Amino acid sequence: MISVRNTSDVPTVNVWLEVLQGAQGREVLPCFWSANAITLLPHESRELRVSFRTASLAGAQAHCMVEGFNAMPREISIATGHLVPLAIKPLACKLATEQYRGQTIDLSYVSTATTGPRFTSWPLPVAVDGKIDRYVHLDLCGTTPGHTTVAFRGLSEGEHTITVGYPNDPATLETIKIKTPSRPVVSLLPRPVASKSSDPEHGYPEKLFDVSLTSDMIGTDDLTGYTYASVGLHNFMPVIWTRYSKSVTAGGLVYAERNDQGPAGSKVFQIKLRFYAADPGTSAKVPATHPDETIDIPKPNNPNLNYYPFTHIHAGRYVVLQLIGQDRNPGGAELRLVAP
Amino acid sequence: MPVSVKLITRIEPDGFASPIVEFSQNINAEPGRHEFVLRPADHPELKMHDPHIWWPVNYGKHPLYKVTVTARVRGEVSSSATSMLGVRTVGTYVLHSGGRAFTCNGRTIRVTGGAWIPDMLLSWSAQRYRDEVRLMAQGNQTVVRINGCGVMPPEVFFDACDRNGLLVWENFSRTSPPTKMQADKNVLMANMVDFVDGARSHQSIVVWEGSNESLPQKNWGQPMQNKILPAMDGTRPWLVSSSTNAPWAKPIHMKSGGPYRLLPIKKYFELYQHRSAFTCKNEIGMACPLPLNSLVRVIPDWNKPDQVDFPLNVTFGFHDATSKQYQDTHDTIRSTFGPTPDLMQYLWLADLYTGTGYRAIYEAANKARPLNAGTMLWKVNAAWPSMMWQLFDWYMRPNAGYYAVKEACKPLHVRRRLM
């Protein structure tokens, strides 16, 4: 019988309990739990029964590991009921890239109390200016460090303090300051002369940009004159193909989401673009003029026009772009290319 | 030369209190194979009075009687055989909705569980078979469908099913459709007759099924249906196939055909409420990515993701992540939560979806009762380390789907009203 309690003020989901062969050892399998992969509400506790063959311990002491999507890992010795020390320390926390679009931080941690061959997942809280923004997971085993990259997009202008680690365990904490520059004034490119959308469902991702144009689903917003990636009832991630009257050079795009043209809750979190000098919709294989451009939309459902600069300056007369979002339906959206 | 043999039959309860029955009879045994039948008409001791009844998982206990027949020649024990015996009846009928239902001791059994397949190397130990059966039975699964595509589980598997109350839906050899290559009829027949001879004494077997999805080849299926099974068994229903009707057999009233991929949760409720194919569904499932500590054992380059489809790479593909049905789980994770920044987050979310999906399947099936009496998964166990269709993996590590099914298939389960 093992009792597990959520000691926090937030729910914890998909909590797994495992019996291990000694500290950080392999999981004892098979293991017969009365329940597992449980959800615990704040301060809720549950009692679970477990049975396994002692031979499966391979001579080691039975330990029990608790892990959750947003829970700090805990290990106890079943024989003594005592907590097994688990500890990690940061190796590096440094700014990797800094652009107008945002910043990325390289993070590296190592376990300082690990003995067995098991990988333990550490969900590390990442706080921006003291408020928890997300959890990043590091998978640590033995003395092998774990690495991950944390990307920040769309932070407000000015300086921000990023804190990684568990507030109640100062040894795990790392702090770094990042700065978001001021926004440039954008200059919109002229509207394209034609735009079409296609269904990539049966070809994704190989045919992502190898478009087969089937239907005309692009509109124009009368008020702003911006091209409209409206797909209405069509339940897919559209590939939008756009033709300009002459070759354009773009350094970014402006984008906003308008839910009046589709079901509410459409969330586009990424836009991918590729530029072509000639028509990619023809049967001939037309090479792209540049590598793909990927724009992350940090705050989906934002009805305000935001400017997203590219990492490269792109030129071409034909632009193929894909909106990637929840339910594969971006609803209504406004986007337009911006001069560099 | 016939030999005079004294047959001593002993029926004793295995682990519960009940009178022991013992009687003997002298026979003359011919050389070679000799079948001798002990009939209740000749031996009133064989009529059991108030026996302890065998029930499947969640419907009662699974008491077994141990039957030992000893042959003595000139006072010496010449041979002895032991078999476990459970007392129960099984049957089947068609619901008003057109779906098939199975019964045990006259009671309609809620069919939960899924297909079981043998391992890729056919090298499991007896303990492994017992463990897999125990996992299924303790997961509130009432039925297991043997889908060995011709490979029959060993005796120990059926023994474990008898002891754990796990009903067995025995799918015979998956023979080719008649238009394709045919199996040698005589070899196939001898093989299956030998199998039925051994398996028929296991009361866990609830139904014989001719072939998975397609029809069994006629020159084997017809004699099996019309002569051999009625003569050798006659106590269990026969279904010609899991998903195809034959003009020469009774309608099967069930469907395979998935979906084999993750659907939006509400979709399962719609399907079970409105589609006739879901009145008796014997194959449904979704992608089930491995948990991290299983994954690192089979995908050595797990930390070198592909540039396009994080966190997958070619090795993931070798382990079935290239399946079209995997894409739905992959897309759902990425489109709901955004591109995930690390593998573990991806796996947690995948596990969460697996649990939510499987729970929805059985909650939808529960809600659709009495339109639906049975839902079987494709599939329960793993033939090899795979990212698809399993409640527990190659290392017998369950995923959230296993415990979700266990929860949804409890005799008393509280469900949130989704629609």
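1. How many residues does helix α3 of chain B have, and how far does the helix reach from its first C-alpha to its last? Helix α3 (residues 185–199) of chain B has 15 residues and reaches 21 Å, close to the 21 Å expected at 1.5 Å a residue, where the expected span is 1.5 Å times one less than the number of residues. Helices here are DSSP runs of H or I with at least four residues, and strands are runs of E with at least two, numbered from the N terminus.

2. This is a predicted model, in which local features need pLDDT of at least 70 and side-chain atom pairs count only at pLDDT 80 or more, while totals for chains, interfaces and linings use all residues. Residues are numbered from 1 along each chain as its sequence is written, chains are lettered from A and ligands numbered from 1 in the order in which they are written, and side-chain values use heavy atoms, leaving out hydrogens and water.

3. In α3(B), the residues B:Leu188, B:Met189, B:Met192, B:Phe195, B:Val196 and B:Ala199 are buried (under 20% relative accessible area, with exposed meaning over 50% and partly exposed in between, for a 1.4 Å probe and protein chains only). They lie on the same side of α3(B) because they cover an arc of only 130° around the axis, taken from the directions from the helix axis to the C-beta atoms. The face turned away from this buried side carries the exposed residues B:Asn186, B:Val187 and B:Asp194.

4. At the N-terminal end, α3(B) is capped by B:Asp184, a side-chain oxygen of which lies 2.9 Å from the backbone nitrogen of B:Asn186.

Conventions
A polar contact is a pair of N or O atoms within 3.5 Å; within protein, one must be able to donate a hydrogen and the other to accept it, and residues adjacent in sequence count only if both atoms are side-chain atoms.
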